[in-house]
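Subject: Handing over a structure, with notes

Dear colleague,

I am passing this structure on to you, together with some notes to read beside it. Please look at the sequence and the model before you turn to the notes.

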Amino acid sequence: MEFKAKDIAALLSGVVDGDPEISVNNVSKIEEGKPGTLAFLANPKYEHYIYTTQASIVLVNKTFEPTHEYSCTLIRVESAYDAIATLLQMYDDMKPKPVGIEQPSYISDSATIGEKPYIGAFAYIGRGAKIGNNVKIYPQAYIGDGVVIGDNTIIYAGVKIYTGCVVGKSCILHAGVVLGADGFGFAPEGDHYKKVPQIGNVVLEDDVEIGANTCVDRATMGSTIIKKGVKLDNLVQIAHNVVVGGNTVIAAQSGIAGTTKVGENCVFGGQVGIVGHLNIGSGTQIAAQSGITSNIPEKSVLRGSPAFDYPKYQKCYVMFRKLPELYGQIKDLEKEVNKLKSE
């Protein structure tokens with residue numbers, strides 16, 4: 001399908017700066033733009049590409065002021081990043097969605113299935129499971145006994161949801177997600193470890209998205225809770241009885257040990273590690289590859305392992321990089337001092 005600049009601008013409440021009749025039928029990154037595609041410029045670091053891109057239309061912020069000539073048509077919007085997200089969502093909504101129940105699949109007679117479901121081939125839905133309206137369960141997913149899944153949730157291929165777990169409305173679980181595997185609970189007993197039964201569950205509130213191959217362990221007792229609006233990247237590990245506060249975002253390969261409580265609106269970079277039984281205050285930001293070993297107050301910004309105040313870390317890192325030179329200077333000073341003493 002083709003869309004003219006003036007039509008796109010109307011959808012986004014934007015203003016055309018250039019040819020309103022020019023049309024596009026695809027999207028591209030600004031650095032890889034081709035004729036007939038739409039790109040966007042949100043990060044100032046990419047501004048130089050707008051003067052060379054072959055994209056026909058580029059979304060820019062209303063405040064953008066070019067410093068060189070350019071050949072593309074601009075559509076000025078309040079936020080180019082939000083605008084491209086809106087367009088991509090519109091495009092995704094236009095794609096045909098699977099419906100119906102494919103065979104072979106297994107649905108227990110005691111399971112409840114809502115209206116307009118999609119259940120892919122080789123999916124398994126256990127006893128007493130309750131599936132809401134417009135839920136999509138892709139092939140080879142496992143939905144255990146007593147699992148509850150809210151309306152408009154998407155369960156992609158190969159997801160495993162263990163017995164008794166609860167998934168809210170409008171959630172997205174990507175391929176390979178495991179909810180409700182046993183927490184890592186073992187008690188020393190002589191020369192071996194005795195397994196501690198994990199009898200709790202996992203609760204996902206509404207509008208949670210979990211990336212591929214992420215694991216959220218069931219609680220020893222009670223619930224491991226992922227609150228409303230949380231976004232977990234691929235390959236994240238959430239241990240038993242952890243609570244992740246609303247609208248928190250956690251990047252790939254991060255891990256949170258058991259019983260730690262994370263506040264709302266936190267942002268964790270990739271490979272962040274947090275030990276167990278801590279409280280992480282709301283609004284905390286933690287840089288990639290940081291290690292957290294103590295409680296963190298609200299709105300902290302941290303980096304390092306063990307992590308500490310980000311600005312202080314940056315200063316320390318500058319000094320750390322200079323250690324070889326500083327060491328050499330110290331050795332030279334020692335020689336000078338010893339020489340002066342001998343004289």
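Predicted model: local features only at pLDDT ≥ 70, side-chain atom pairs only at ≥ 80, totals over all residues.

Residues are numbered from 1 along each chain as its sequence is written, and side-chain values use heavy atoms, with hydrogens and water left out.

Strands and sheet

The link from strand 39 to strand 40 is a hairpin of two residues.

A buried loop residue

Gly183 sits in the loop between strand 21 (178-179) and strand 22 (186-189). Its relative accessibility is 3%, so Gly183 counts as buried, where buried means under 20% relative accessible area, exposed means over 50%, and partly exposed lies in between (1.4 Å probe, protein chains only). Leaving aside residues up to four places away in sequence, Gly183 touches Gln198, Asp217, Arg218 and His240, a contact being heavy atoms within 4.5 Å. The C-alpha atoms of Gly183 and Ile199 are separated by 9.5 Å, and the two residues are 16 residues apart along the chain.

Salt bridges

Side chains of opposite charge can pair when their charged atoms come close. With a salt bridge defined as a side-chain nitrogen of Lys or Arg within 4 Å of a carboxyl oxygen of Asp or Glu, the count comes to 10 salt bridges. In one of them, Lys6 pairs with Glu21, with 3.0 Å between the closest N and O atoms. Because Lys6 belongs to helix 1 (residues 5-12) and Glu21 to the loop between strand 2 (15-17) and strand 3 (23-24), this pair ties together parts that are 15 residues apart in sequence. Lys6 is partly exposed at 39% relative accessible area, and Glu21 is partly exposed at 38%.

Another salt bridge joins Lys231 and Asp207, whose closest N and O atoms are 3.5 Å apart. Here Lys231 is in strand 28 (residues 231-232) and Asp207 in the loop between strand 24 (201-204) and strand 25 (209-210), so the pair ties together parts that are 24 residues apart in sequence. Both ends are partly exposed, with 28% relative accessibility for Lys231 and 36% for Asp207. Salt bridges with shared partners also join Lys4, Lys6 and Glu21 into one network.

Cysteines

With a disulfide taken as a pair of cysteine sulfur atoms within 2.5 Å, the count comes to zero disulfides. For Cys266, the closest cysteine sulfur is that of Cys171 at 19 Å, which is too far for a bond. Cys266 is buried at 0% relative accessibility, and Cys72 is buried at 5%.

A nonpolar patch

On the surface, Tyr317, Phe320, Leu323 and Leu326 form a nonpolar patch with about 380 Å² of accessible area together. Helix 3 (310-321) and helix 4 (323-342) are the elements that give two or more residues to this patch. Patches are made of residues with over 30% relative accessible area and no salt bridge, like charges being joined within 9 Å and nonpolar side chains (Val, Leu, Ile, Met, Phe, Trp, Tyr) within 5 Å; accessible areas come from the Shrake-Rupley method with a 1.4 Å probe, and for residues only the protein chains shown count as cover. Phe320 lies in helix 3 and counts as exposed, at 54% relative accessibility.

Notes. Helix = DSSP H or I, 4+ residues; strand = E, 2+ residues; numbered from the N terminus. Pairing = 2+ DSSP bridges.
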